[in-house]
Amino acid sequence: MKILKFGGSSVANAESIKKVSEILIKRRQERLLVILSAFKGMTNALIKSGELAALGDVAYREVCQDIRNTHMKVILELIPAEHQEKIQSEAKSLLSEFEELNYGVYLLREFSLRTKDQLLSYGERLSGMIISSYLSSQGLENTTLDSLQLIKTDDSFGNAKVDLNTTYKNIKTHTNTSTFLYIASGFIGSNSDDIITTLGRGGSDYSAAIYAHALDAGAMEKWTDVSGMMTADPRIVKNAQIIPSLSYEEAMELSHFGAKVIYPPTIHPLLEKNIPIVIKNTFSPEDRGTKIHRTETENNLNTSAVIGLSSISDIALLTLSGSGMVGIPGFSRRMFTTLSYNKINVNLITQASSEHSITIGIDRMDADKALDCMNEEFVHDIASGKIDPIDIETDLSIIAMVGDRMKYQTGISGRSLYTLGKNGINIRVIAQGSSEKNISLVVADADVSKALKTIHESLFESGVKKLHVFAIGKGNVGGTLLDQIAAQKSELLDNHQVDIKVVGIAGRSKMYFDKEGVNLSDWRTLVDNGESMDMSKFCSVMEDFNLHNSIFVDNTAEKSISEFYPQILKQSTAIVTSNKIAASSDITSFNNLKGLAKRHNTSFLYETNVGAGLPIIDTMQNLVKSGDEILEIHAILSGSLTFIFNEYDTTEKFVSIVKQAMKEGYTEPDPRIDLSGVDVARKILILARESGLPLQMEDIENNKFLPSEILDHGSVEDFLTALETNEELMAKAFNDAKNEGKKLKYIASLVNGKASVGLGSVDTNHPFFNIDGKDNIILIHTKRYGEQPLVIKGAGAGADVTAMGVFSDIIRLAKD
């Protein structure tokens, strides 16, 4: 004998019930007992009718009519015409009883738990009656068992306690070995006076477990609309996976902490007789499902240590603390006795080893009652100062990591806590039983989704690291970066286990968001048709999305954007930026950003601030970390100026070469930032700071090669006009160098703690003489690189290499 329980989703309508019939027809050679729930949504409709009737609202009649119509419609759609009369008559009789009961509630304005149980019973009774008739019409002869008579309970209406010994005896008496198919209703029973009761939450599952225990069933199968228990709630964690097998204890832990596939009371009767539970999908019956059974933990060490994650929301923490508790027995007893007396369930307990405090987790709806009764119990202790005023915290959730094998594998807690910390998720309480089957964490309600995704990714998703990118800037560098991500997305996922989702993009005037990931094949159109750009709102959306592994990417040159960096870092969102303003700002502000990143366990990466995609900053940081000392730096750090002075030979005007560099994307949007030396000054300032010198921008000696009257023209267009009229200035500089066999180069230097930038000329023996195109070169002299400097050379400008450098920083974060 096997027990098959079909829940409301499996009997939602005529089409679903046909699926049930197909499953049973394929198994007609087996001895089966089928437990049925009410049609999907029917329990809520029944409650609604009673509540409206109790309020004297005649709208209850409409609900009653809807309930009647639903059942009669299913009969018409399922039952062949020649069999309809009998079942219609029986169903109408039950529906009339139900309507009369509601009318009584309407007259008396009373809807007691006893009346509610009677009202609710009609859902299961009608469902069982109709489905039994349909199965018979399909050639599946069956015998109906009356759960109202077989399952005997006490008088606790709404959540009755089953008299198991009497119930088991009744079930055995009313079944035999010759019947192949029994049909019974779940959820309902009756007390010793034959008054209808219900078994409470998960009552139909519990009914199935009781029948299984009584009949020594080979298995209890729960058929629902999912293909088994999952590693996390699939509504929150999209990549949740089916758990093929788990122990009774693991199932109870997951169920207690919110997994709704099966409820803990269901497991106990089955555990007693070692009857396995199989979770199956009515709509995908070929799926393997989940088997819950007794497992040998020591022999299954090759399976995952954590079997699944579960959560309970709307939790409150109540803390009893005070120095008067240390070493004094009785406080715990008084606390838990008081809570028990007031029928307050405790979900979690943790106690400081110093005995200074005890913290418990309870349902939020019990928080006020718990606070009142605890204040009453400990009123004199609080008044005397033995304990502190009772503390209540709300808006919290419990996340449970469950697995029998966690005790055999180190690092589970460490890995989970690390990944939560990297995502700025504060853990209020940690609790772990001595059995090590469950590690429970309490986090803010607002963080539970992010926390579940983060932990699930680290434990279950085969090393795949998801990154959520919010990108500001869609010009040369920003646009190229987005195109590079789109082109490389599959390669990164398939071969490097990195899944990058761009979830927000903004330009100067528009911004666009998609929490599931922007379609990068059409990102330009999506952004152009997005909402108006507002940086404050952009940050608010990032915070509201609250996505794990979030990265803010700034590919602008705007100071107004960099001013939001502190706010972003405080959200534990990493920053990757090609914008040099923050790293070259006031030293206090710069150090504050680095400090915020460290305090909030996140990253502030700015590799492309110097040398585009060249690994200059990372190399210098590693030199310093390894104990080397940077003595001197000589460098060409402007790809745009390298390009301009390599191309300029007086055959074309200097301004024409500048315009060409602007068109190629080598300069900043305002070329004066390059030509004034400000851009290079920022870069050598950043390198000076990386070498350990606390320099400010005003400490950089800037030897400008253009006079202020040219640089100070208001608009870019005015500046270019002025530059054109002063061609002889640049022609003279070029010819003077040429006549000496030299070339013009814009050079940055850091010597003896002093930094300078300026236009110079170098001869054929100088390392900078043959620097071509838009290349950068940096010579780093250190204690270890004394005789020969460390040389880094390569393209130092251009959208492709700069975007690549930003992309590399993003990928680096996947390794954290």
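Author: Two strands are said to pair if DSSP finds at least two bridges between them, and strands (E, at least two residues) and helices (H or I, at least four) are DSSP runs numbered from the N terminus. The model is predicted, and local features need pLDDT of at least 70, side-chain atom pairs count only at pLDDT 80 or more, while totals for chains, interfaces and linings use all residues. Residues are numbered from 1 along each chain as its sequence is written, and side-chain values use heavy atoms, with hydrogens and water left out.

Strand β1, residues 2-6, pairs with strand β7, residues 219-224, in the parallel sense over 5 bridges, and β1 also runs parallel to strand β2, residues 32-36, to which 5 bridges join it. Together with helix α1, residues 14-26, the strands β1 and β2 make a right-handed β-α-β unit; right-handed here means that, with the strands pointing away from the viewer, the path from the first strand over the helix to the second runs clockwise.

As for covering, 4 of the 5 residues of β1 are buried, that is, under 20% relative accessible area with a 1.4 Å probe and protein chains only.

Methods: Buried means under 20% relative accessible area, exposed over 50%, partly exposed in between (1.4 Å probe, protein chains only).
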